[in-house]
Amino acid sequence: MEVKARAPGKIILAGEHAVVHGSTAVAAAIDLYTYVTLRLPLQSDENSDRLTLQLKDLSLEFSWSVSRLKEVIPNDSNTSSPSTPASCSGEILKSIALLVEEQNIPEEKIWLSSGISTFLWLYTSIRGFSPATVIITTELPYGSGLGSSAAFCVALTSALIASSISDKTHREGWCSLDETNLELLNKWAFEGEKIIHGKPSGIDNTVSAYGNMIKFCSGEITRLQSNMPLRMLITNTKVGRNTKALVSGVSERTVRHPDAMKSVFNAVDSISKELAAIIQSKDEVSVTEKEESIKELMEINQGLLQSMGVSHSSIDTVIRTTLKHKLTSKLTGAGGGGCVLTLLPTVVSGTVVDKAVEELESYGFQCFTASIGGNGAEICF
């Protein structure tokens, strides 16, 4: 039997960093996906006693015998059941780390360890110690702030949950899971994100699971319904950044200048709320007028992010380059490198976009064009 699942990446449209200090943030799904194929073997198959993980984009394969998994991960250690997500204890994580170490991951790919640990935890928690081959491919660059780890957790969990659904009637193309299973997979994906990131906000996995857009403030997530088409050029500067250090830098600046930074965070909060209202609006205002408002809000938000000290010369290069083509950009996520969003108005010509992309790529940047606010996790039998 074979089950396929896919889950989208995400962008932060407004509110990054300020959200840590109580402001509202708006995040959205993008139509760049991580795909998971789950193949369950027949009894006669050669690999009917192994769990194999294939990372196609990296040309890597990891494999464990079912007996080894049972030996290292105690059967009674997993107090959760597939229908009741639970956190992975430190003790179990140590056991799983042993299984990962045995795979002799190449030194330059050692950053994959937490993702492989997450795979083993989610798989054994939801499907138990059963053999399978799991194949992962992705359109998302790793570690660039586009939610690649959450998309991995959501797509994997979707495939695992879908494999146990009794009604596997063949349907054409991709289809969504029902609300109950969406809620379940989102909770499991959040547990996976905890293994990778320690203390995630839950924004990335929620956007990836449900799609469209969300508003996030003080731990509370509200799903939004977009009523306008929105396209962005996403530029990956390929400059690595230390998210923890950038977040700490903003906090330190807030201690030094509490009143000024409070005003900055209040302004960001207003931007996020106004942006959410524009995107959800059903009034007769034209799409062009709405895009003009979004463009101005992006400009203001970028200025405020610069005042927080989280921009970078590579981000400034993207902003200057796109501005030459009369396009507006802002950083998305942690800043300090990572990715930059450029609004593509409905009236912009393909020639203008092509010229901007050509110039950005000449700097060594990587560009994607994405629709914003699309579908969340989907499965295919």
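1. In this predicted model, S59 is found in the loop that lies between β3 (50-55) and β4 (60-65). Phi of S59 is near 55°, a positive value in a residue other than glycine. Most residues other than glycine have a negative phi, and that is the reason for flagging this position. With a relative accessible area of 66%, S59 is exposed, since the cut-off for that class is over 50%.

2. H17 also calls for a look at the backbone, as its phi is positive, about 70°, although H17 is not a glycine. The residue sits in the loop between β1 (2-14) and β2 (25-39). Is H17 buried or exposed? Its relative accessibility is 6%, so H17 counts as buried, whereas S59 is exposed.

3. On the cysteines, the structure holds zero disulfides. For C153, the closest cysteine sulfur is that of C88, and the two sulfurs are 12 Å apart, too far for a bond, because a disulfide requires sulfur atoms within 2.5 Å. C153 is buried, with a relative accessible area of 0%, while C217, at 26%, is partly exposed.

4. Turning to helix packing, helix α8 (residues 258-280) and helix α9 (residues 287-308) pack at an angle of about 160°, and their axes are 10 Å apart. The two helices are therefore roughly antiparallel to each other, given that angles over 145 degrees fall in that class. The crossing in which α8 passes α9 is left-handed. On the α8 side the contact includes M261, V264, F265, V268 and I271, and these belong to a set that meets residues of α9 including I294, L297, I300 and L304. The residues of this contact of α8 with α9 divide into 14 nonpolar, three polar and two charged; E274 of α8 and K290 of α9 are among the residues that take part.

5. V318, T321, T322 and K324 of α10 make the contact with A356, E359 and L360 of α11. By type, the residues of the contact of α10 with α11 divide into three nonpolar, two polar and two charged.

Key:
Residues numbered from 1 in each chain as written. Predicted model: local features only at pLDDT ≥ 70, side-chain atom pairs only at ≥ 80, totals over all residues. Heavy atoms only, no water. Axes fitted to C-alpha atoms, helices over the stretch in contact; angles between N-to-C directions. Helix = DSSP H or I, 4+ residues; strand = E, 2+ residues; numbered from the N terminus. Parallel < 35°, antiparallel > 145°, perpendicular 65-115°, else oblique. Left-handed = near helix turned anticlockwise from the far one by under 90°. Contact = heavy atoms within 4.5 Å. Nonpolar A, V, L, I, M, F, W, Y, C, P; charged D, E, K, R; others polar. Buried < 20%, exposed > 50% of the residue type's maximum accessible area, 1.4 Å probe, protein only.
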